[in-house]
Every structure is written in structure tokens, then in C-alpha cells.
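Please keep the viewer open as you read.

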Amino acid sequence: MNPIKPHKLLCVVAHPDDECFAFGGALALAADAGIGTSVLCLTDGQAATNRGVATSAAELGAMRRAEFATSCKVLGITHHELLDYQDAQLEFANFSEAAAKIVERIRRFQPDIVLTFGGDGGMNTHPDHIMVSSFTTAAF
């Protein structure tokens, strides 16, 4: 008996780089298996402490948006989208609005699997990761 193969996977993350450090292996394996993969990122990571050569928050955000797009390409992601929530401020975002935006993407993409952080926020218990987990769980 062959298990039913999922056709689409949606991964919801807080920051550019979460897709590769937290979920990169799973996303790459899914893409290699022919599963359509989509990543929804809520912030552009402007509050990161590692700022590279960026001299302003806006410049850092633009740099991280570009890195996110490149990372998704390397991982074989079918579709990626970055929303405009403030980095390090997701705990103050309107919960219903954020969950509704994720619901919209779930309805549009119609994934068989939704992947996000655990309720504890993952390895570093980042508040933004905890909120993304909560928003995504409510949306699902």
C-alpha cells in the first residue's frame, strides 16, 4: 500500500533566514519530491543585530528581502511571500488580522501540510516565533 503523497506544503515563518535555518531540510526534501512548497514570512528582519554592511533599518530590510528570495530559490521553493509586519514587534500585532492574512494564504495555496514553529517558538524561544506559531495555529 502506497501512502498518499501530499501535493502542497506551506511554511509560515517570522524572519528571513527562518526558512533555511529552521525548516530548510524539510523544505528542500519536499521540493525534491515534487511537492509544491510555499513560504510565508511575516517580517523583513529589520531589527536583526547582525546588520552586515547595512547602515539603516530600511537597507537591512531590503538586503534581507533579497536574501530571502535567494534562499527560497536555492531550496526549490515554488512560491514565497514576505509581509510587512514589524520585526521584533509581532507580539503587538493585531492577532485576528495576522491570523486572517494567513487564512487567506491557506485558502489560496490550499496546502496539504502547514509547517511552522512549535508553541515555544523553537530553539531560541524568540517572541516573534511564538507569535507566528500562534497566528498560524489559529489560522489552521
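Buried here means under 20% relative accessible area, exposed means over 50%, and partly exposed lies in between, with a 1.4 Å probe and protein chains only. Helices (H or I, at least four residues) and strands (E, at least two) are DSSP runs, numbered from the N terminus. Before going further, note that this is a predicted model, in which local features need pLDDT of at least 70 and side-chain atom pairs count only at pLDDT 80 or more, while totals for chains, interfaces and linings use all residues. Residues are numbered from 1 along each chain as its sequence is written, and side-chain values use heavy atoms, with hydrogens and water left out.

Now look at the partners of β1. Four strands make up an open sheet with the order β3-β2-β1-β4, and their pairing is parallel; two strands pair if DSSP finds at least two bridges between them. The edges belong to β3 and β4 (113–115), each with a single partner strand, so one side of each has no neighbour in the sheet. On average, neighbouring strands are turned by 15° against each other, direction ignored. Such angles come from axes, which are lines fitted to C-alpha atoms (for helices over the stretch in contact), and run from 0 to 180 degrees between N-to-C directions.

You can trace the pairing residue by residue. Six bridges link β1 and β2 in the parallel sense, and Cys-11 has Val-39 in β2 as its bridge partner. Three bridges join β1 to β4, again running parallel, with Leu-10 partnered by Val-114 of β4.

Two helices pack on this sheet. Helix α4 touches β1, β2 and β3, and its direction makes about 165° with that of β3. Helix α5 touches β1, β2 and β4, at about 140° to the direction of β1. Contact means heavy atoms within 4.5 Å.

How does the length of α5 compare with what its 13 residues should span at 1.5 Å a residue? The expected span, 1.5 Å times one less than the number of residues, is 18 Å, and the end C-alpha atoms of α5 are 18 Å apart, which agrees. The buried residues of α5 are Asp-128, His-129, Met-131, Val-132, Ser-133, Phe-135, Thr-136 and Ala-139. Their cover includes β1, α1 (18–21), β2, α4 and β4.

Let's zoom in on Thr-136, which sits in α5 (residues 127–139). Is Thr-136 buried or exposed? Thr-136 is buried, because its relative accessible area is 2%. Its side chain reaches the backbone oxygen of Val-132 at 2.7 Å. That is a polar contact: a pair of N or O atoms within 3.5 Å, where within protein one must be able to donate a hydrogen and the other to accept it, and residues adjacent in sequence count only if both atoms are side-chain atoms. Setting aside neighbours within four places in sequence, Thr-136 is in contact with Val-12, Ile-102, Val-114 and Thr-116.

Not counting residues up to four places away in sequence, Phe-135 touches Leu-42, Leu-90, Ala-93, Phe-95, Ala-98, Ala-99 and Ile-102.

For contrast, visit Arg-65 in helix α3 (residues 57–75). Arg-65 is partly exposed, because its relative accessible area is 34%. Beyond four places in sequence, Arg-65 touches Asp-44, Leu-82 and Leu-83.

Finally, check two backbone angles. Asp-17, in the loop between β1 and α1, has a positive phi of about 110° although it is not a glycine. Ala-88, in the loop between β3 and α4, has a phi near 65°, also positive in a residue other than glycine. Asp-17 is partly exposed at a relative accessible area of 36%, and Ala-88 counts as partly exposed at 32%.
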